[in-house]
Structure formats: structure tokens, C-alpha cells
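Thanks for coming. I will go through one structure this morning, and I will give the cut-offs as the terms come up.

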Amino acid sequence: MRERRKAPRYAFGLTGQLHRPGERVGSKVAVRIISTNGCGVEGGTDPNIGNKCELYFDWHNLHVGAEAEVASRDTTGRMGLRFLSLDREMQGRLKEICDALRERAMAVGLPKQQDAVQPLAGS
């Protein structure tokens, strides 16, 4: 049975910074999967499920900074983040990124991320 999600996910593969609240220096992460509701990252610090964090990355001319909550973790270091309290501007930036990734995937015949890989544990 195919899993139902609120928003489609897309392969991303970009480097970002993951900060714990109040930290000035974050740890480097690879943002592997993204949607308008959250993302999947690898690497960085190991916050526990339910902990809040901040994710920052640049994509083309867009700077994204989002407060998130750790929604899932697995034993290989992958984490699923759920975006929290996004303002209209940040929601628009994430939508623009996902729209561009969807168009690129359609142009080269790639499936959406939700069809291409197994979901992160608990996501």
C-alpha cells in the first residue's frame, strides 16, 4: 500500500547547518529530502526526537532558515525534521524550492522522492 503524505518529498542533496536553539555555531548536515513540511538530513549533532533545532541552507538565491522539531531518527544518523512556525516568506521559499525540484524531476522523468526511496524510520 502506498503511503499518504500531506506534502510530496523531493530529493535535494544540499549541505546546510543544523543548530540547537541558542547556539551560534551549528553542525554540518546533508539535506537529502525536502518538502514544504519538513526534511530528511544526515550528519550533524544528534538531537533526540521531540527536540527543537534550527536548519539553515542556501539554494540558488534563496536563504532558508527554519525552526524545526526532530520527528524521527534512525541508527544510521538520518533524522526527519518537521518544520515549525514558518512565516509566509519562509513558506514561500520552501514552496519555490519544491516547485523547482518537481519541475526538474518531471523534465528528466524522475519519480517524486516519496516514490523513489523508503521513508525515514518513523516519518
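**An aromatic pair and the barrel around it**

I start with two side chains: F12 is buried, and F57 is buried too, where buried means under 20% relative accessible area, exposed over 50%, and partly exposed in between, with a 1.4 Å probe and protein chains only. Before going on, this is a predicted model, where local features need pLDDT of at least 70, side-chain atom pairs count only at pLDDT 80 or more, and totals for chains, interfaces and linings use all residues. Residues are numbered from 1 along each chain as its sequence is written, and side-chain values use heavy atoms, with hydrogens and water left out.

The count is 1 aromatic pair. Rings of Phe, Tyr and Trp (its six-membered ring) pair if their centres lie within 6.5 Å; planes under 30 degrees apart are stacked, over 60 edge-to-face, the rest tilted. F12 and F57 are edge-to-face, at 5.4 Å centre to centre and 70 degrees between the planes. F12 sits in strand β1 and F57 in strand β4, so the pair ties together parts 45 residues apart in sequence. Strands here are DSSP runs of E, at least two residues, numbered from the N terminus.

How do those strands pair? β1 and β4 run antiparallel, joined by 3 bridges; pairing requires at least two bridges found by DSSP. L18 stands opposite L55 in β4. Between β1 and β2, also antiparallel, there are 7 bridges, and L14 has V31 in β2 as its bridge partner.

Overall, 6 strands close into a barrel, in the order β1-β2-β3-β6-β5-β4, with antiparallel pairing.

Terms used: Helix = DSSP H or I, 4+ residues; strand = E, 2+ residues; numbered from the N terminus.
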